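Open the model in your viewer and keep the selection panel at hand.

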2 protein chains.
Amino acid sequence: MITLEDVAAFAGVSRATVSRVVNGDSKVKAATRSKVEAAIAEMGYSPNPAARALASNQSQMLGLVTPSYGGGFFGALMDSVQSEAEASGKQLLVTQGRDSADNEWQAIQRLYNLRCDGAILHVRALSDEKLCRLAQDGRQFVVLDRQISGLEDRCISFDHYQASQLAAQTLLARGHRQIACISGPKSRVSSRIRRQGFLDAMQEAGIEPVACMEGDYDLQSGYQQADLLLRQHRPGALYCCNEEMALGALLAISEHRLSIPQDISVICYDSGERAAFVRPALTSIHFPITDMARFATRLLLTPDAPRETFAPRLIERDSVRSV
Amino acid sequence: MITLEDVAAFAGVSRATVSRVVNGDSKVKAATRSKVEAAIAEMGYSPNPAARALASNQSQMLGLVTPSYGGGFFGALMDSVQSEAEASGKQLLVTQGRDSADNEWQAIQRLYNLRCDGAILHVRALSDEKLCRLAQDGRQFVVLDRQISGLEDRCISFDHYQASQLAAQTLLARGHRQIACISGPKSRVSSRIRRQGFLDAMQEAGIEPVACMEGDYDLQSGYQQADLLLRQHRPGALYCCNEEMALGALLAISEHRLSIPQDISVICYDSGERAAFVRPALTSIHFPITDMARFATRLLLTPDAPRETFAPRLIERDSVRSV
DNA sequence: CTGAAAGCGCTAACAG
DNA sequence: CTGTTAGCGCTTTCAG
C-alpha cells in the first residue's frame, strides 16, 4: 500500500501539504496542489482510514440500528441512509436490534465501540430513558420514527395515529360502513397507535368496525387474518396496517373469489415497495420512511439542517371504490 | 475515551500485557490476567479499532457487494453473512453493485480502499478477467453464485441449469404436458441458464413448452407475465424462476379465477423468504443462497475450511398436483 | 503558503 | 511471563 509519505516524496513536498490537498484545505498554492494531485493520481494513492481515524479522532463511519433485515422495508431504508451518508463521504455500519431492548442496547454499544461518529436509531423496545442517557453521554444520534420528550430535536417522527385515522376516514368518506382492519401485533406501541387511530375514527363516525384482527406485519399473517376475517364476515372494506400484510390479504381475497374493489375495497400503509406494483394498485396512506431516513441522516451530519416534517398523505389508486 | 494505557496504569502492568489479555494471548499469568480483566471491566475499556487496525494492518472488516438492496432476498443474505462474520469478531461493510460492471468494480475498489481484509462478491456484470486480476493483486475474496475458471477455489456456485431441469422434470413426472415458464431477463447470463435448463428438460421429454415469458424478477413482472400468459394460453403448470415473480403470478392466477393446484400447478425457485408462507404453500426448487453466503463467509475467514457443495433440491409443498 | 514535529492508541518484535 | 521500544499512516499545531 502506498502512503502519504510516498506521495509527498514523489511530489517533492512535505506530508503536511499532501494531507492538506487530500482534505481540501484551501491554503495551498494552486501549482503545489496540482503537483500533488498528479502524484496522487499517478501513484493511485488512497488514504488509510485507520490512520486517519486515529489521528483525527473521527472514524467517518455512521451506524444504523434497524429492527431486522427482513421485509422489503429494510433494504429501502438502508439504501436511503447509505446514499445520503456516502454523499458526505461517510461509511455505514448496520446492525439489527431484533426488537428486544437488550439487543438494541448492545447493538448501539457495539456501534459506539466501533467508534462510529454518530448513529441512526430505529429502535422500538429501548426505553426513552436509555436514549436520554445516551444523549447525556454526548453520543451523536438521531431517532427514527419515534417521539421522545426531551429529545425532540433528534427525533424524526410520523403521526401513525393520524395516518390510521386518515385510512378510516377515507373509507368512510367513500361510503363504506362495513369496515375491517388488520393491525400489527398489540405488543408494540406503534401497532397499538395505528389500531387506535382507526378505532377512534370509526367511533367518531359512529360506525362499529366489522372486526379488528391482529397480524404480525408479515405476508403470512396478512393472509391468515384476512382469510379468517372473510370466513366470518363480509366486510366491504379492509384496512391493512402495512404493505406486506396487504399483500397477504390480497392473496386471501382472491382465494375467496372476491374482486377488488368491486367486492371489497382495500386500503393500506404504503412504505413504497409494493402497493403501487400489484394489481389493482393499492390505494394507500403513504408512510415516507425512506424520506424520513434520508432526513435523519442529513440531520445527523448537519444538526442545524432545516427541519422537515412528514405528514400522512393519501395516495389514491385503484383499490377503493365509492358506494 | 479510555485507552490501553489507562488500563495498564490502573492494573499496574505494561501496555503490552493489557494488549495480550485483550487479544487472548495465552502467555500471561492467570493472576495478572484477572487483575487486568478486572481493570478493563471496571473502567469500561473498549479497544480503539482504528489504532488496532493501524498497528496490526488488519481492519477486521469484511466487505460484501450485492447487486441491490431490493427484495427480501438481500436482507436474508446480509443477515447470513453478518452473523457468520460477527461470530469471528469481524465487521461488515456492504455496498451495491447495481448490475453494472463499472459500479461493481467501483464498489469493490471502495471496499479495498476502506482496507477491508476480504470481501464477498455477489457480482454478475463484472468480467471473469477483472476478478482474476483482483486475485492476482493478492486481494482476499470469494465469489458468490458464480463459477470462474481459474478461481474455482474461491467460487461458491449453484447449478441453476440443473435446478431448472429439476423444476421441469418434476412437472413432467407429475404428468403435466401444458407447461409454461416465466424466466428472468435474458440480458443476464444466470437467467439464460435457468431458462435453458427448463427448455432442455422439456425438449428431452419431447414436449413443447406452452410459452416461455421473460420477467424481471420482481413482483410486478411476475404478475404481468402471468396475466399475459393466462390471456393467451391455458397452461396446466407454471414454473417461475424466482419467488418474487411467483408471488406476482399467484396474484394474476387468482384474478383469473384459477385455483392452485386444481386448475394450474405452480413450481418456483425458493430462496427461503416466501414460498413456504403463501397459500397454497409453493412447491419449489430450493436455492440455498443463505447457506451459500454463510459458507462463503466461512471460506473467506478460513480458506482451508472443508468444502461444501450446494445442489438443487425439490421441496414438495402444495402447489403441484399430479394429473 | 509550507514544513517540522509531536502524537493518536495499539501491536509486535525483542530483551530480560 | 512481562516490559521496552519502535513504529503503523495520518492530522494538527506551531514556526517560519
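A salt bridge here is a side-chain nitrogen of Lys or Arg within 4 Å of a carboxyl oxygen of Asp or Glu. This is a predicted model, in which local features need pLDDT of at least 70 and side-chain atom pairs count only at pLDDT 80 or more, while totals for chains, interfaces and linings use all residues. Residues are numbered from 1 along each chain as written, chains are lettered from A in the order written, and side-chain values use heavy atoms, without hydrogens and water.

**Stop 1: chain A against chain B.** Select Arg110(A) and Glu86(B). They form a salt bridge, with the closest N and O atoms 3.3 Å apart. Six salt bridges are counted between the two chains. Now show the whole interface. Chain B and chain A each give 46 residues to the contact (heavy atoms within 4.5 Å). About 4,200 Å² is buried between chain B and chain A, 55% of it from carbon and sulfur atoms. Buried area is the accessible area (1.4 Å probe) that two parts lose on being put together, summed over both.

**Stop 2: domains of chain A.** Colour 4-47, 61-157 and 160-288 as domains 1, 2 and 3 of chain A; the bounds come from an automatic or database domain assignment. The C-alpha centres of domain 2 and domain 3 of chain A lie 29 Å apart. Five residues of domain 2 and six of domain 3 make the contact. These two domains of chain A bury about 500 Å² between them, 50% of it on carbon and sulfur atoms. On the domain 2 side, pick Phe73(A), Arg124(A) and Asp145(A): they lose the most area to domain 3, together 69% of what that side buries.

**Stop 3: one last pair.** Select Asp99(A) and Arg188(A). Their salt bridge has its closest N and O atoms 3.5 Å apart.
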